[in-house]
Amino acid sequence: MACLFCKIIAGEIPASKVYEDERMIAFTDINPQAPMHVLVVPRKHLATLNDLTAAEDGLVGAMVRTAAAIAQNNGYDGPGYRTVFNCNAQAGQTVFHIHLHVLGGRSFGWPPG
Ligand code: AMP
Ligand code: ZN
């Protein structure tokens with residue numbers, strides 16, 4: 001198994017988990033870009049958003065709701081927070097197992113860099 005996030009899910013590499021259920025885990029990013037930077041990661045290995053099918057609609061919806069709950073738990077639901085899926089090279093994807101970034105605790109620019 002070569003995938004970094006599959007190894008974290010399998011417990012082979014440590015991570016600072018903030019949430020887990022039967023479909024996903026969430027852990028803090030090792031190189032945080034904001035005071036809160038959490039990754040919501042499905043247990044199922046899917047390399048990029050391009051690999052999603054209708055079979056994952058429920059999973060992705062649950063991931064987004066988990067991201068919102070994590071932001072709320074950290075007090076960022078009111079001030080605001082940023083959620084990001086990067087897909088492939090031009091978006092800066094570096095880990096090819098889909099993950100939803102959840103960032104909060106500072107202002108974020110738009111358009112994104
Ligand atoms: P992306 O560039 O969208 O593919 O995001 C990958 C993210 O994974 C980056 O923000 C990295 O800092 C993060 N990352 C890489 N290795 C680890 C790790 N071992 N534990 C937690 N986060 C990681
Ligand atoms: Zn994987």
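Start with the spacing of the zinc donors: for the zinc ion (ligand 2) they run C-x2-C-x38-H-x51-H along the chain. The model is predicted, so local features need pLDDT of at least 70, side-chain atom pairs count only at pLDDT 80 or more, and totals for chains, interfaces and linings use all residues. Residues are numbered from 1 along each chain as written, chains are lettered from A and ligands numbered from 1 in written order, and side-chain values use heavy atoms, without hydrogens or water.

Select Cys3, Cys6, His45 and His97: their SG, SG, ND1 and ND1 atoms coordinate the zinc ion (ligand 2) at 2.0 to 2.3 Å (donors are N, O and S atoms within 2.8 Å of the metal, 3.2 Å for Na, K and Ca). Check the angles: the four donor atoms subtend 104 to 118°, which makes the arrangement tetrahedral (all angles between 85 and 135 degrees). Cys3 and Cys6 are both buried (under 20% relative accessible area, 1.4 Å probe, protein chains only).

Now hop to ligand 1. It has 16 residues around it, the closest being Asp29, Asn86, Gly92, Thr94 and His101 (a heavy atom within 4 Å). Zoom in on Asp29: a polar side-chain atom lies 2.5 Å from an oxygen atom of ligand 1. Next, pick Gly92, where a backbone N or O atom is 2.9 Å from a ligand 1 oxygen atom.

Definitions and conventions. Four donors count as tetrahedral if all angles lie between 85 and 135 degrees; four count as square planar and six as octahedral if opposite donors are over 155 degrees apart and all others between 65 and 115; anything else is irregular. Buried means under 20% relative accessible area, exposed over 50%, partly exposed in between (1.4 Å probe, protein chains only). A polar contact is a pair of N or O atoms within 3.5 Å; within protein, one must be able to donate a hydrogen and the other to accept it, and residues adjacent in sequence count only if both atoms are side-chain atoms.
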